[in-house]
Amino acid sequence: MSQKSNSVARLLLEARAFLALIVIVAVFSWLSPNYFTVSNFLVMASHVAIYGILAIGMLLVILTGGIDLSVGSVLAFCGVMAGAMMQGIELGTSVYYMPVWGVVVLTLAIGGLIGAVNGVLVAFFRVPAFVATLGVMYVARGLGLLQTNGLTYNNLAGKPELGNTGFDWLGFNRVEGVPISVVVLVVLAVIFAVTLARSAFGRWLYATGGNARAADLSGVPVTFVLLTVYTLSGILAAVAGLVLSSQLTSAGPTAGNSYELTAIAAVVVGGAALSGGRGTVQGTMLGAFVIGFLADGLVIVGVSPYWQTVFTGAVIVLAVLMNSLGNGSARGR
Amino acid sequence: MTQDVVLAARNVAKSYGAVNALKGVNFDIHRGQVTTLFGENGAGKSTLMKILSGVIQPTSGEIILDGQAITFDNASHARARGISIIHQELSLAPNLSVRDNIFMGREIRGPMGVDFAEETRQAQALMAELEQDIDPATPVGALRLGQQQIVEIARALSVDSRILIMDEPTSALSASEVEVLFKVIRDLTAKGVSIVYISHHLEEALQITHHAVVLRDGTMTAYAPRAEIDLNWIVRNMVGENYDLGSPPEVTFGAEALTVEGLTLPGAGFNLVDNLSLSVRKGEIVCIYGLMGAGRTELLETIAGRLRPSAGRILLEGAEMGALSIAERIETGLALVPEDRQRDGLVQTMSVGQNLSLASILSFTRGLFTSRRAEAAIIDSSIKRVTVKTSGPAAPIGSLSGGNQQKVVIGKMMATNPRVLLLDEPSRGIDIGAKAEVFRLLAEGARQGLAVVYSTSEVGECLSIAHRIIVMRKGRIVAEFGPETTKEEIMAASGEAKAA
Ligand SMILES: Nc1ncnc2c1ncn2[C@@H]1O[C@H](COP(=O)(O)OP(=O)(O)OP(=O)(O)O)[C@@H](O)[C@H]1O
Ligand SMILES: [Mg+2]
């Protein structure tokens, strides 16, 4: 019986973020005839994909009670490294061109490695997550600038005679009309939603965020969990970096600036608690779409960029306010 | 007669959704006397006390202060009227010092902001009154659970209140500290302060009380002045039958299950566990008694793997445990029920069911995923096994009464099917019926070869469950007794000055 009322309450909570999404779509459809079209939704969804992928990683970290400020920089650095590999790697006198799949795998590994650095700092050296990932954020950004000397790799298309074409596949191709980036987002969201809800690892994550000491004494491998979530967040940032540079067919060291904040916003709008232990992938996806659809809508309607920033901020606070009011009455202690 | 009653509840009811925690209760607090509230876990004792101290508001009914009906808007309103409460679950800020916790929200103002010198002086005076050697500058998080409870008591005493409500203030204290508290209570009542006392240590409560009230399922089932009652009366009214905590189960011990050799855990300046050796055989129940700070918790946490010893070996049925993580030790069959349920036992963001199944997730994971059916089976059997009173496995853990939360912690570790079970003050806050149930489970486990190490600060428990009683003092074993020993002998060995 209480199980039922509990799930009803949860539904209402998620329905609220959902309601926000519907309101946004309705308002912009009314304001602009171009908004409510399939092609526009697909374009907007491909924009959301970048934030959405980052937000999934961010959610994992936030669920353990941490935060990952480095994802924007890691995204840029991974994009740059992918760009560098596409341009060819100088080995002594000859230049080696890697196939695209090799570039992708190596880029993911780089992202994972940087994430693991965050994880080691947090899990083994007990550096507060905010500080550790803030440092790594600067370091990764700096490394990206060093790598390119501040410039941008522009031509990532590859050459057929070198056998490395296809980098733009991620950003431009479509499956049944749906952009690959959106497909990637959906696949990742499903994988992680199921992992969180149904695997031991998912349960460990929630327990670690809820009370790490109690989790530890109950046999949850807390350090492993922390190491893994930061590594996953790094890998997901690399995925987002690949998608972004593929969409732009260029990779610059200043890409993804402040994307970490957008990802955090998506997670909290989606109902997760920054203190850890509460949140779902479904909620986070709703949050990402609320923020993405709002931002694109404002552009389409032609609101000045300054007002866009104001609106976005207001919506984030409003959405979280509704959540916290809901949580407060639900707990009612 | 009525002017003798300072604070009263009339027909007070409280419901949380469909749960009726209180169903029309009448309760009187007598001037300058101690009124003790008895009742099972989840009977509604804490709920009633929270209502009387303004922490929560009743769904219906009224509160009468000095003959006048009154509504408390919040706890500080009630405090302003002279009512203060020691909560069952500690409400201290672990990052702040003892002094700052005592004066939190009521800082003493001086000409230059807070008068820290005066606060320190008063805090020291309170510690002296409670006969505790705690430096007011220590952060509360660094204190043992019992010491934290002392701080909580000191905080309540620092307010000059007319009515002092104590919700299980002694659950983590040992006999000599309880003795000191009782002295303080007698001084207070002599000065005209009225006390409400709640405890599951029934005999202890009988020493101090003037009136006894029994709550059962949200209704008051019995009242009597001290002169007319005894232990049997309480138990009969609480649970409707007589519980005998019994005597140690008849078991033929098996091979050595747990072996500890020369275990040493260094502390600041001295060893918390000092070159300690211990061996427990299959089917044996060993009780560890000691005063606060004797090193019992540290010993058990070291065996469980949370603390790293500087020397010594730990063996489980001959297999070296030293290098294993906590998770691996649980996997091999070594489980610990920790002392502090809020800090070490429960995950507040999870439901009752998820807490119960947390330590045994891998046993219901099939391939990549958890099996809902297998998990539900584990949760259901655990709820029945330790008799958790809850509206269902999906209820938030915070909606359970204190004792029922404790049962969840015990049930969680029992669900891992341990071969050696360490329990650190497991009876903290559980009622006599549940205690009997836990003892029955331990006895049953022992018959099937489970080795149990049970730490307690209640001597009576040792006598009714243990095959062997070990007394610890300053990190060492100072005495060992068989089941035929007496309370007095055990307490004398622990260094307790007075026998209770
Ligand atoms: N916030 C809440 N939400 C839902 N139910 C609650 C809440 N608080 C208490 N209850 C329920 O009210 C009942 C009485 O709880 P209460 O804490 O008063 O018991 P208690 O007599 O103090 O028990 P214990 O001896 O275990 O401390 C219990 O069934 C409990 O589950
Ligand atoms: Mg209680």
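Reader: How many positive and negative side chains does chain A have, and how far apart do the centres of the two sets lie?

Author: In this predicted model, chain A has 13 positive and 9 negative side chains. The centres of the two sets lie 20 Å apart.

Reader: What makes chain A as compact as a globular protein of its length?

Author: Chain A comes to 13 helices and 4 strands. Its radius of gyration is 20 Å, and the globule rule gives 20 Å for 333 residues, so chain A is as compact as a globular protein of that length. Along the principal axes, its C-alpha atoms fill a box of roughly 70 × 55 × 35 Å. Buried residues make up 51% of the 333 residues.

Reader: Why is the pair said to tie together separate parts of chain B?

Author: B:Ser46 lies in helix H1 (residues 45-52), whereas B:Gln88 lies in the loop between strand S6 (83-86) and helix H3 (98-102), so the pair joins parts that are 42 residues apart in sequence.

Reader: Why is B:Ser46 called buried rather than partly exposed?

Author: Buried means under 20% relative accessible area. The value for B:Ser46 is 18%, so this residue is buried.

Reader: How do you know whether B:Gln88 is buried or exposed?

Author: The relative accessible area of B:Gln88 is 9%, which is under the 20% limit, so B:Gln88 is buried.

Conventions. Residues are numbered from 1 along each chain as its sequence is written. Chains are lettered from A and ligands numbered from 1 in the order in which they are written. This is a predicted model: local features need pLDDT of at least 70, side-chain atom pairs count only at pLDDT 80 or more; totals for chains, interfaces and linings use all residues. Side-chain values use heavy atoms; hydrogens and water are left out. Helices (H or I, at least four residues) and strands (E, at least two) are DSSP runs, numbered from the N terminus. Buried means under 20% relative accessible area, exposed over 50%, partly exposed in between (1.4 Å probe, protein chains only). The radius of gyration is taken over C-alpha atoms; the globule rule is 2.2 Å times the number of residues to the power 0.38. Lys and Arg count as positive and Asp and Glu as negative; His and the chain ends are not counted. The place of a charge is taken as NZ of Lys, CZ of Arg, CG of Asp or CD of Glu.
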